[in-house]
Structure formats: structure tokens, C-alpha cells
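A walk through it in running paragraphs would be welcome.

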Amino acid sequence: MSTVTTDPHAHAEHEHHGPAKGLKRWLYTTNHKDIGTLYLLFSLLMFFIGGAMAMVIRAELFQPGLQIVEPNFFNQMTTVHGLIMVFGAVMPAFTGLANWLIPMMIGAPDMALPRMNNWSFWILPFAFSILLASLFMEGGGPSFGWTFYAPLSTTYSNDSTALFVFSVHIMGISSIMGAINVIVTIMNLRAPGMTYMKMPLFVWTWFITAYLLIAVMPVLAGVVTMVLTDKYFGTSFFDAAGGGDPVLFQHIFWFFGHPEVYIMILPAFGIISSIVPTFSRKPLFGYASMVYATSSIALLSFLVWAHHMFTTGMPVAAELFFMYCTMLIAVPTGVKVFNWVATMWRGAMTFEVPMMFSLAFIVLFTIGGFSGLMLAITPADFQYHDTYFVVAHFHYVLVTGAVFSIMAAAYYWLPKWTGHMYDETLGQWHFWCSLISVNVLFFPMHFVGLAGMPRRIPDYALQFADFNALISIGGFAFGLSQLLFVWLVVKCIKGGEKATDQVWEGAEGLEWTIASPAPYHSFSTPPEIK
Amino acid sequence: MSDKYEHYYVPEQSPWPIVGAVALFMIAFGAGNYVNEVTKDQSGYGGYLLLAGIATLIFMLVGWFRNVIDESMNGLYSKQMDRSFRQCMSWFIFSEVMFFAAFFGALFYARIIAVPWLDGAGNNASTAAVLWPAFEAAWPLLKTPGGTETQAMPWQGLPLYNTIILLISSVTLHFAHTGLEQNKRGQLKLMLGLTILLGAAFLYLQVVEYIHAYQDLGLKLDSGIYGNTFFLLTGFHGLHVTLGAVFLLVMFLRIVLKNHFTAHKHFAFQAAAWYWHFVDVVWLCLFVFVYVL
């Protein structure tokens, strides 16, 4: 890893002006820190809106029978919950972290293209307004699941489909521009001496994530376009009567969709690789192997998409190919988990909140990874497909994986952003409440799934009643626990113990050499890295 | 160190991105409503909102690029900035490649997998027997399983002329570029103007071809998977040719009216040229896989 040779404060910018005043600061800003903050706050808001939908889902499923919402509305809730959490909460949170941290980590004056950066962000509130507004249309919002399989999204969908398609289009434009900005910043704005193999792993993982985004978001644009023309203009890409095939939809969608799930986890790997060494007071074990593992995961992600489609019709040879490629991904992922554990081995460990979330990530993400391996086994998948086991799997990797890493990152860098230490006691409360409730929420889903409870239904057979009640209680508790986080963030912004520049005793990297809170402009002149 | 460092220009606050975000909102919301209105013969505001959005987007692009050009002409951009622009454009073109890849993927899937399977290829004999026993697999798919009939667009004639036109336009653009690099402004203007005219000719012939397809061949957007892939691939390509031609036209006007660009500093021109060559390569793939094979 890199060592800084110069006086810590020499490069903080003093000559330039500070932020503009009022609303204009946020609307017109070109500052990576402002834009990072906007992304993070937007993501938090979306996390609660998507979370509220999850609460509706869990309330309906608390008891068997239809109690609270109509089945059609239930389907809209599962659909929009998924879309909001994927595109509105997790992805913008990582982009916000990238904006805040990457320029500070590589010694850059800002992102490479600051105005485009602002455009990328401000598209998002509009895109999600369109999506949310469609819920109030006559006939309701999208109800075909976040994966919008044809013919559910073509032949059988309602009028909101066009709004869904165009809102996904502009979200995609936002993601592509954001990713181009990240990749160009990393390639072109590294401080002198910061070679690729000296970059912090968070930068590395985002570098590869940005590549994946640029490669697959256009494919998503292509597939939603085909859905639009199939539904409204009489094409038959996904209609066998015209020579097309509904399975074609799944191939194109998952060619986007599988790299997309790595887009939501690779930056998490980078975060954990930053936090574990700090609180173990040891350098990261196997830095180079982490870089190669990340790259291998990204390359393999293009070769595994059809493991989502084992039951929808493929030649056996193709099923075997996709099964083995999928299992291959366990190897680089295993390398990562091994390296994190080896970093902690004989370290002088302490257990502040970021470390607690990171440790929970390592254990619980691994559980999600193992259930993923189970799902990768073609013959076994015939049993698991479209059951709650799948729901349990992807919530373990996305909630206790991606979301926990985002929480860890927020705690880890909050003192650098606000200049104040967060309330450690409150943070520990938030962690333990989240940890216990999230497992009450998602772990029993494995059992009901293996017992045969299908996903995406508002009602279920009586034998699943007890576990579903327990799951719902876990869900409400997890939702409420997140209010502690909001309280903590507000407290931390308003005041608290003054943070030092380094913040954490074992923290290394350029962002810890500048003042806390980070000055509005850091590194107008690049520092030199030895 | 710091005395040698060429300052990386970080622009001050700018109103253009938020204008652009509002424009995209109007386009998306307008188009979403317009599509519903037009397919159901309803009246509504969707189309107007869409047009207003496009106008706002153009207004934004003009304002934004004016700022960028002013900054560039005032010498605010370093070599490092130039590299940022170049990398940005390259990655943007890569994203466009992937966009077309989705549609080519659909084309190949239909030709190699979907259509043969409907006729019983692989282990799908019973699918064919039960669903559409009379269906026969072929490409171009002139009769769909559902019974829609059409005629194929031959590659001789207009598509071949268009291929030749685009190939020549890539050559003329190359000579425009060498003219710029060798400071031969006359050659630059002539060759660039010629490129734009060839682009316009291509678009004109494309329109003629579409009219021919609809009126004489009965080849329409909804004529089954052959018509679908034909019109979406050539249509999106045509849209990109239009954008590329506008891009080149702006370069032409900057050169003729304002005498912009020097032999060493001409990123915008180069970006437009890259884009044009990219559109050209896409057409070659189209010509081979949509028309000839």
C-alpha cells in the first residue's frame, strides 16, 4: 500500500472559495463531496421508501390469507421494492461513496468530469419520481417483478409499463455517466507515484465495477426497449407466434442482471478490505490476490447468466456449462474471505461499529455465498427455483452483504465527512439490533423455501404460518432498527467529539492525511506517493 | 513538484446539469405518456412534454458546450484534461457498442435458436408438432408461426449503395483529419463537408429504403422477428448516423465560422471522427448479418 511522504496539511486547498450558499450549492454543484453527500442522502431516502414497501409485504404475509392489500397491489410492492432497493438504494450509495472517497484516496483534485457528475446525480430523483408516480396511475404501477419477465411485462402488463421503461432508461444514463466518471478519474487522475498496484482496494473494486456498469447498463437499455416495442408497437422479440422467444428476454435480462449483482457487491469487498486492516492494525493480507480475485469475478460474471434460468428451457450442455462457471466464482470469492480472515489473524483487534458490521458481513455474506452455491447446482435448483430459498439467498448477499458494507462504510468515514465522532454506544445498539433482527428476518426463509413456499405470493399454505409470523417480526424490528441509524447520523452531523485527522489508530491511506472534516477542496495539487 | 504541475481545471458551479436532468425527466415522462396515448388514440399532453423535453435538452447542450468551448479556447484545459475527455469518449463508445450488442444478440438468438426450435430442432419436436405444425424454419423468416407474411429486403441495390457511401465517408473523414493535422484548412473543409453530405445521402437512401419496405415489400416493424430485428437495428443505427452527422456539422461550423481547432488541439473533432467511424463499423456488421447472410 501507499505511503505519503509529505506534510499532511500541505495539500489541503486554502486559496479557493468554499461552497456556495443555499439551494444553489446543491443544484449547481460540481464538487465531488457535495455530490457524494447528495447520492448518500438520496440513497438513504430510497432505502426507507423501499423499506416501507417491504413492511407492507411483511404485514400482508404476517398471517395466511389476504388481510391488508389486494394481490395486484402486493405484486406492485414486491416489484417496486426490488427496483428501488437495487437502483435507488444500493447502487447510489456505492456511487456516493465513490464520489466522496475516490478523489481523496488517489490524491485527485475532484472527479475527472465534475459537471457530468452533477448531471448523473440529478437524473436519479426525477427517474424515481416517475417510477413512484406510476404507482398512482389508473391500473397501478409495474407489477411484473423487478426482473420484468416477458410476457408478464409485455402481454399482461398495465399502462405504467411505458413509464417504467423510460424511467429505467434515464436511470441507466445516470449509471453509465457515473461509471465513466469513476473509471476516467481512476485512470487519469491518480497522484504521481500512485501506480495501479498501490491503489486502495476500494478504488480497485470500483474501477472494475465501473467497467461492468458501462458494459451491461446499455444491455438493460436494449432489453427494456424490446419490451416497449413488444408491448406497444407489435414487435415479437419475446413472442413465439412472431418467431421470437420469451426465453430470449431472460437471456438478455440476465446478461445484464448477473454482472449487475457483482456491481452491487464488488465495492462492498473494497469497503471490507479497507476496514478490516484498520481495526486489525495489520496491512491487508494478499493485496495482489485481492486485485486478481476481483478481476476474475468480474470476467466470470459474463459467463454465468443462465444459472438464473435452469428451469426455463436450455440444452443440458448449456446448463452444465453455466453450473460449472458459477461454481468457479466461489474460488476467487473464497480467496477474498480467506484474506480477510488472514488479515485478522494475530492482529491487535478492536471492535468499533465499522468493524462489527464488517465482521457480520464476512460471516453472513459467506452464508449467502454458500446458499448461492446450492442454487448453482442445476438438479438441486429445480427444487429451489422460485421459492423463498432464493429470497433468503439474495437478501443475505444484498442486505447482510451490500447494505451491511454500506453501513460499515458510513460509520468508518462519517468522522472524516462530518469532523465529529459518531456516538459509539448508539452505533453498537444499531448494530446489534440490526444483526439479530436481520437473521430473524431472513434465516427462516431458507426453511420455508426448502419446504416449498413459492416467492411473490400474497398468501400461502397454513404450514408456513409460524415461520412467516416470525419472519415478519424480524422484518419490522429490522426496519425500526434503521431509525437508530438516522438518529445517529443526525447527531453526528450536529456535533460530538472532535475527530482527529487519522480518526482511527490503524487507518492508512491518503484520505486520513487531510483534515476532518475534509476541506471543500482536497489535493488541488497532487501529493507525491512513494 | 507543484511548480511543474499543470492545474487540472475543476469548473465552478454550473446550471446546465440540472437543466439536463429536467430535460430528461420531461423526455421520459412525456414519452411514457405519449406511447400510451398514441397506441390507444387518446389525446393528451405526452407528446408536447416530450417535444419540450427535447428542446430543453438541445438548449442545455448548446449552453453546456458553449461553456466548454470557451474554457478550452481560453486555455484552461491541461493535457491531463484532454486525456480525461478522450477516455470519456472511448468509454462512451464502448457503451454504445454494448447497446448494439443487445440487439445483435437478439438477432443471433432468433436465427440460431428460437426459429429452428419452433420448427422442432434439438429436442423440441413436440413443440413444433403441438403448437404450429405447419411452420417451417427459415431466415429471413418470411412467414411467422402466427401466419404474418412479408418479403425480404435484398442486399443488392440500396443497402449496397449505402454501404459504399458510408465507407467512402470514412475515407473522406480520414483525409479531413490529416488535413487538420497538416494545417491544410482547405482540404479539411472540403473533406469534412463531403463527409457530411455523404452522411445526409445515406440517411436519405435509408428513408427511401424504409418506404420501399413498407409499400412494396410489406416488410414492417410488426412483421415478425425478421422485421423486428431489421427495423430496430437499422433504425437505431440511422439514429446514430443522424447524431454523428449533427456532431460533424457542428465541427464544420466551428471550423468555417470560427476557425476553431489547430493541428495539435482538436479533441472535439477527433471525438466526432471516432463516433463516425464507430457508426460505420456498426453498419458493416449490419450489412453482413442483417442483409447479406
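A:Val503 lies in the segment after helix H16 (465-494) of chain A. The model is a predicted one, and in it the phi angle of A:Val503 is near 60°, a positive value in a residue other than glycine.

Is A:Phe148 buried or exposed? With 24 other C-beta atoms within 10 Å, A:Phe148 is buried, because the cut-off for that class is 20 or more.

The loop between H4 and H5 of chain A also holds A:Pro151. The peptide bond that joins A:Ala150 and A:Pro151 is cis, with omega about 5°. Chain B has a cis bond as well, from B:Trp139 to B:Pro140, where omega is near 0°. B:Pro140 is found in the loop between helix H4 (125-130) and helix H5 (158-181) of chain B.

Chain B may now be considered as a whole. Its secondary structure comprises eight helices and zero strands. Along the principal axes, the C-alpha atoms of chain B fill a box of roughly 80 × 45 × 40 Å. Of the 293 residues in chain B, 37% count as buried. Among contacts in chain B between residues at least 6 apart in sequence, 68% join residues at least 24 apart.

The domain assignment divides chain B into domain 1 (1-77) and domain 2 (79-292). Taken over C-alpha atoms, the centres of these two domains of chain B are 25 Å apart. How many residues of domain 1 of chain B are in contact with domain 2 of chain B? Four residues of domain 1 are in contact with four residues of domain 2. On the domain 1 side of this contact there are three nonpolar residues, no polar residues and one charged residue.

The contact between the chains comes next. Here 60 residues of chain A are in contact with 58 residues of chain B. Several helices of chain A each supply at least two residues of its side, namely H1 (22-28), H4 (114-133), H5 (161-188), H6 (201-232) and H7 (246-263). The largest share, 13 residues, comes from H5 of chain A. By class, the side of chain A that touches chain B has 38 nonpolar, 16 polar and six charged residues.

In soluble globular proteins, nonpolar side chains tend to be buried together. The largest nonpolar core of this model has 260 residues, and A:Val90 and A:Val223 are those with the most contacts inside it. At least three residues of this core come from each of domain 1 (1-77) and domain 2 (79-292) of chain B. Leaving aside residues up to four places away in sequence, A:Val223 touches A:Phe249, A:Ile252, A:Phe253 and A:Phe256, together with B:Ala102.

Note on methods
Residues are numbered from 1 along each chain as its sequence is written. Chains are lettered from A and ligands numbered from 1 in the order in which they are written. This is a predicted model: local features need pLDDT of at least 70, side-chain atom pairs count only at pLDDT 80 or more; totals for chains, interfaces and linings use all residues. A nonpolar core is a set of buried Ala, Val, Leu, Ile, Met, Phe, Trp, Tyr and Cys residues joined through C-beta atoms within 7 Å. A residue is buried if 20 or more other C-beta atoms lie within 10 Å of its own, exposed if 12 or fewer, and partly exposed in between; C-beta atoms are placed from the backbone. Domain bounds come from an automatic or database domain assignment. Two residues are in contact if their C-beta atoms, placed from the backbone, lie within 7 Å. Ala, Val, Leu, Ile, Met, Phe, Trp, Tyr, Cys and Pro count as nonpolar, Asp, Glu, Lys and Arg as charged, and the others, Gly among them, as polar. Helices (H or I, at least four residues) and strands (E, at least two) are DSSP runs, numbered from the N terminus.
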